[in-house]
Every structure is written in C-alpha cells, then in structure tokens.
Amino acid sequence: MAKHIKLGIEGECIAADWLQKMGYQLIDRNWRYSHLEIDIVAMQKQTLHFIEVKTRSSNAFGGPELGVNRRKMIRLKQAANWYLKMNPGHIWIQFDIVAITLNIGQPPLIELFEDI
C-alpha cells in the first residue's frame, strides 16, 4: 500500500476517535456513491456533519486543511446531496474539516474547522 494511502487511513482513524471523544456520534465512514465519497458523517446535537479529513506528515507545505480546494468542496457537496436523498429527514447540516498533522515523535496535531 502506498505511503500516502496509509497516512490517510491513519488520519481518518485518529479523526474518528477524536470526534467521538468530542461528543459526535459517528453515522458513516468512507460513505460512497458512484465516484463521490464522504470521509465521515456524524451527528452532534441536531446537526448532521459531513466531515472531510486531511492528513499530512508535516506542515512544511502548509496545514492539511489547505488540501481542501474548491473542486474538493464541490464534490463533497455533491456527495452530501446524494446522502441526504438516500437518508432524508435531517434539518440541519454542516460541512467541516478535520486537519491532522502527524509529525514524527510528536502527538498528532488535530484541528477542527467548522461550518466551512
């Protein structure tokens, strides 16, 4: 398996654990429809969160959140629309990013960017 794939999987596991500790109820992970994907779908209070997880091994080229560009957001919104069609009844939704930096020898740096 490629190094960047392993890094992404590790980041998603860290994000899922962290979100649960923060009071989120995880509904789906790696939800797919056709070529679209949502990393994590979670509930907190009355809001359904569509969460993109980005992981980097350093901040040498900026934080992981910078990897969520306009094209990625469009695809995330398209995936969310399909998710809501298949799972109706949610009144409040929100798009978030969990950015994780895994520097060797240090604990993970986890940042939540809400309502992007």
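Visitor: Where is the place of Ile 9?

Guide: In this predicted model, Ile 9 has its place in helix α1, which covers residues 3-21.

Visitor: Why is Ile 9 called partly exposed?

Guide: The relative accessible area of Ile 9 is 43%, and a residue counts as buried under 20% and as exposed over 50%, with partly exposed in between, so Ile 9 is called partly exposed.

Visitor: Which residues make the nonpolar surface patch?

Guide: The patch is made by Met 1, Ile 5 and Ile 9, and its area is about 310 Å².

Visitor: What makes β1 and β2 a pair of strands?

Guide: Strand β1 (residues 25-33) and strand β2 (residues 36-44) run antiparallel and are joined by 7 bridges; because at least two bridges are required for pairing, these strands count as paired. Within this pairing, Leu 26 stands opposite Ala 42 in β2. The hairpin of β1 and β2 has 2 residues between the strands, and Ser 34 takes a positive phi near 55 degrees there.

Visitor: How do you know that β2 pairs with β3?

Guide: There are 5 bridges between β2 and strand β3 (residues 47-56), in the antiparallel sense, and the requirement is at least two, so β2 and β3 are paired. Ile 40 stands opposite Ile 51 in β3, while in the hairpin of β2 and β3, again with 2 residues between the strands, Lys 45 takes a positive phi near 60 degrees.

Visitor: Why is β2 described as largely enclosed by the rest of the structure?

Guide: Of the 9 residues of β2, 7 are buried, which is the reason that this strand is described as largely enclosed.

Visitor: Why does Thr 47 count as buried?

Guide: Thr 47, which lies in strand β3, has a relative accessibility of 18%; the limit for buried is under 20%, so Thr 47 counts as buried. Leaving out residues up to four places away in sequence, Thr 47 touches Ala 42, Trp 92, Ile 93 and Gln 94.

Visitor: Is Thr 101 buried or exposed, and what makes it so?

Guide: Thr 101, in strand β4 (residues 92-101), has a relative accessible area of 1%, and because buried means under 20%, Thr 101 is buried.

Visitor: Why is Glu 111 called partly exposed?

Guide: Glu 111 is found in strand β5 (residues 109-113), and its relative accessibility is 31%; since this lies between 20% and 50%, Glu 111 counts as partly exposed.

Note on methods. Residues are numbered from 1 along each chain as its sequence is written. This is a predicted model: local features need pLDDT of at least 70, side-chain atom pairs count only at pLDDT 80 or more; totals for chains, interfaces and linings use all residues. Side-chain values use heavy atoms; hydrogens and water are left out. Helices (H or I, at least four residues) and strands (E, at least two) are DSSP runs, numbered from the N terminus. Buried means under 20% relative accessible area, exposed over 50%, partly exposed in between (1.4 Å probe, protein chains only). Patches are made of residues with over 30% relative accessible area and no salt bridge: like charges are joined within 9 Å, nonpolar side chains (Val, Leu, Ile, Met, Phe, Trp, Tyr) within 5 Å. Accessible areas come from the Shrake-Rupley method with a 1.4 Å probe; for residues, only the protein chains shown count as cover. A salt bridge is a side-chain nitrogen of Lys or Arg within 4 Å of a carboxyl oxygen of Asp or Glu. Contact means heavy atoms within 4.5 Å.
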